[in-house]
Amino acid sequence: MALLIDDSCINCDMCEPECPNQAITMGEEIYEIDSDLCTECVGHYDKPTCISVCPIDCIDPDPAHQESDDELLLRYHLITGKPI
Ligand code: SF4
Ligand code: SF4
């Protein structure tokens, strides 16, 4: 599933440059994840890299966007243009 940044985010800027899908951008008050671009890092890494770099552990699964690994892998191929 896509991930969600909660409102305890301290805008430390650590996660945004690390996202391989450019899914993280600054929102009105805190950083946000575009659920259409987040693959939970499937296709790129073994685990979500934004969670790894976040110093306060404020990134969690988004209950509104639950997808299987196959769906996330398909999104990875659509985003990157790499053949399946
Ligand atoms: S899980 Fe990966 S793809 Fe999704 S926002 Fe975090 S770094 Fe980006
Ligand atoms: S790494 Fe965590 S605290 Fe820092 S900007 Fe990203 S979500 Fe916010």
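Okay, let's start with a hole: the second largest cavity here is the space that ligand 1 takes up. By cavity I mean, on a 1 Å grid over the protein atoms alone, a set of points where a 1.4 Å probe fits but cannot get out. Quick housekeeping: this is a predicted model, where local features need pLDDT of at least 70, side-chain atom pairs count only at pLDDT 80 or more, and totals for chains, interfaces and linings use all residues. Residues are numbered from 1 along each chain as written, chains are lettered from A and ligands numbered from 1 in written order, and side-chain values use heavy atoms, without hydrogens and water.

Back to ligand 1. It has 13 residues around it (a heavy atom within 4 Å), and the closest are Leu-3, Cys-19, Cys-38, Cys-41 and Cys-50.

And ligand 2? The space it takes is the largest cavity. Here 14 residues surround the ligand, with Cys-9, Cys-12, Cys-15, Tyr-31 and Cys-54 the closest.

Last one: Thr-49, in helix α1 (residues 49–53). Thr-49 counts as buried because its relative accessibility is 15%, and buried means under 20% with a 1.4 Å probe, protein chains only.

Conventions. 1 Å grid on protein atoms, 1.4 Å probe; cavity = no way out; pocket = protein on both sides within 12 Å on 5 of 7 lines; lining within 4 Å. Sits in = over half its atoms within 2 Å of the grid points. Helix = DSSP H or I, 4+ residues; strand = E, 2+ residues; numbered from the N terminus. Buried < 20%, exposed > 50% of the residue type's maximum accessible area, 1.4 Å probe, protein only.
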